[in-house]
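Thanks for coming. I will go through salt bridges and then a pocket.

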Amino acid sequence: MNTKLSDISDTEINTFYSTVSRNVKKKRIFMGLSQLDLSLKLGIKSVAFYSNCENLRYGKHFNLEHVYKLSKALNINICDLLEESS
């Protein structure tokens, strides 16, 4: 199977971002953290920016550095943030 990466649709990429955001939100809530608490742990001074990333508003999403820091802040394996829920 030789799929060209250029063949990956915008929908597939958006689904990936949605998966990461959903997993972050679920774990954050489970741990009893507010968006402000977690954004400050990550060094993000704007809770609005964090909220936009978590809720995929205005085309914002977590980048690789955010995902790495989120895994550390939430004390979970980075793969858990990338895993699609069944």
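The side chains of R28 and E54 form a salt bridge, with 2.9 Å from N to O; the term means a side-chain nitrogen of Lys or Arg within 4 Å of a carboxyl oxygen of Asp or Glu. R28 sits in helix α1 and E54 in helix α3 (residues 47–54), so this pair ties together parts that are 26 residues apart in sequence. Helices here are DSSP runs of H or I, at least four residues, numbered from the N terminus. R28 and E54 are both buried, that is, under 20% relative accessible area with a 1.4 Å probe, protein chains only.

This is a predicted model, where local features need pLDDT of at least 70, side-chain atom pairs count only at pLDDT 80 or more, and totals for chains, interfaces and linings use all residues. Residues are numbered from 1 along each chain as its sequence is written, and side-chain values use heavy atoms, leaving out hydrogens and water.

The whole structure has two salt bridges. In the one between K69 and E65, the closest N and O atoms are 2.8 Å apart. K69 and E65 are four residues apart in helix α4, which means about one helical turn separates them.

Now the largest pocket: an open set of points on a 1 Å grid over the protein atoms alone, with protein on both sides within 12 Å along at least five of seven lines; lining residues have an atom within 4 Å of a point. The lining includes F16, Y17, H61 and L82. Helix α1 gives the largest share, four residues.

Key:
On a 1 Å grid over the protein atoms alone, a cavity is a set of points where a 1.4 Å probe fits but cannot get out, and a pocket is an open set with protein on both sides within 12 Å along at least five of seven lines; lining residues have an atom within 4 Å of a point. Helices (H or I, at least four residues) and strands (E, at least two) are DSSP runs, numbered from the N terminus. Buried means under 20% relative accessible area, exposed over 50%, partly exposed in between (1.4 Å probe, protein chains only).
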